[in-house]
Amino acid sequence: QVQLQESGPGLVKPSQTLSLTCTVSGGSITTNYYAWTWIRQSPGKGLDWMGVIHDDGITYFSPSLESRTTISRDTSKNQFSLQLNSVTPDDTAVYYCARLNRESDYVDYWGKGTLVTVSS
């Protein structure tokens, strides 16, 4: 059973950088045919896909967030991380990490999500 757990500050000030880490257990982030993704949901809105890091380390981002987003990984810790620069209150959301099955193009495991509030 794959489990994902988000961690990081719950409050970030405007213009600063939001940093979250996803710790994965029950499966390796380098296993072929899987990718590891960040998705967020702002209050009252739908899910917003942010970006993904594939098993080979290649990253892809939502065009609307690409200029502000970095996704990286630490294979020794089986973790992957999100950095979102220059945040504004519009970036307030529940942030989820999840696993994407690249063969089926289906997100099959989710973390529980963590609320990040952007406020001074």
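Reader: Which side chain does Arg40 meet in a salt bridge of 2.8 Å, N to O?

Author: The model before us is predicted. To read a salt bridge, one looks for a side-chain nitrogen of Lys or Arg within 4 Å of a carboxyl oxygen of Asp or Glu. Here the side chain of Arg40 meets that of Asp91, with 2.8 Å from N to O. This pair links distant parts of the chain: Arg40 belongs to strand S4, Asp91 lies in the loop between S8 and S9, and 51 residues set them apart.

Reader: Are Arg40 and Asp91 buried or exposed?

Author: One compares the relative accessible area with a cut-off: buried means under 20%. Arg40 has a relative accessible area of 7%, and therefore is buried. Asp91 also counts as buried, because its relative accessibility is 2%.

Reader: Which residues are linked with Arg40 in a network of salt bridges?

Author: The network links Arg40 with Asp48, Arg68 and Asp91. Within it, the side chains of Arg40 and Asp48 form a salt bridge of 3.0 Å, N to O. Asp48 has a relative accessible area of 25%, so it is partly exposed.

Reader: How many salt bridges are there by this rule?

Author: The count comes to five. One of the salt bridges joins the side chains of Arg102 and Asp55, at 2.7 Å from N to O. Here too the pair links distant parts of the chain: Arg102 is in the loop between S9 and strand S10 (106-110), Asp55 is in the loop between S5 and S6, and they are 47 residues apart. Arg102 counts as partly exposed because its relative accessibility is 37%, whereas Asp55, with a relative accessible area of 11%, is buried.

Reader: How many bridges join S1 to S3?

Author: Five bridges join S1 to strand S3 (residues 18-25), and the two run antiparallel. As an example of residues facing each other across this pair, Glu6 stands opposite Cys22 in S3.

Reader: In which sense do S7 and S8 pair?

Author: Strand S7 (residues 69-74) and strand S8 (residues 79-84) pair in the antiparallel sense, over six bridges. Ser72 has Ser81, in S8, as its bridge partner. The hairpin of S7 and S8 has four residues between the strands, and there Asn78 takes a positive phi near 55°.

Reader: How many residues separate Asn85 and Thr69 along the chain, and how many Å lie between their C-alpha atoms?

Author: Asn85 and Thr69 are 16 residues apart along the chain, and their C-alpha atoms are separated by 6.5 Å. Asn85 is found in the loop between S8 and S9. A second pair may be read in this way: Thr70 and Asp108 are 38 residues apart in sequence and 23 Å apart in space, C-alpha to C-alpha. Thr70 has its place in strand S7.

Reader: Which residues have the most contacts inside the largest nonpolar core?

Author: In soluble globular proteins, nonpolar side chains tend to be buried together. In this model, the largest nonpolar core has 24 residues, and those with the most contacts inside it are Leu18, Trp38, Phe80 and Tyr95. At least two residues of this core come from each of S3, strand S4 (34-41), strand S5 (47-54), S8, strand S9 (93-101) and strand S11 (114-118). The largest share, four residues, comes from S3.

Reader: Which residues make the nonpolar surface patch of about 290 Å²?

Author: Trp49, Ile58 and Tyr60 make this patch. Tyr60 is found in strand S6 (residues 59-61). With a relative accessible area of 42%, Tyr60 is partly exposed.

Notes: Residues are numbered from 1 along each chain as its sequence is written. This is a predicted model: local features need pLDDT of at least 70, side-chain atom pairs count only at pLDDT 80 or more; totals for chains, interfaces and linings use all residues. Side-chain values use heavy atoms; hydrogens and water are left out. Two strands pair if DSSP finds at least two bridges between them. Patches are made of residues with over 30% relative accessible area and no salt bridge: like charges are joined within 9 Å, nonpolar side chains (Val, Leu, Ile, Met, Phe, Trp, Tyr) within 5 Å. Accessible areas come from the Shrake-Rupley method with a 1.4 Å probe; for residues, only the protein chains shown count as cover. Buried means under 20% relative accessible area, exposed over 50%, partly exposed in between (1.4 Å probe, protein chains only). A nonpolar core is a set of buried Ala, Val, Leu, Ile, Met, Phe, Trp, Tyr and Cys residues joined through side-chain atoms within 4.5 Å.
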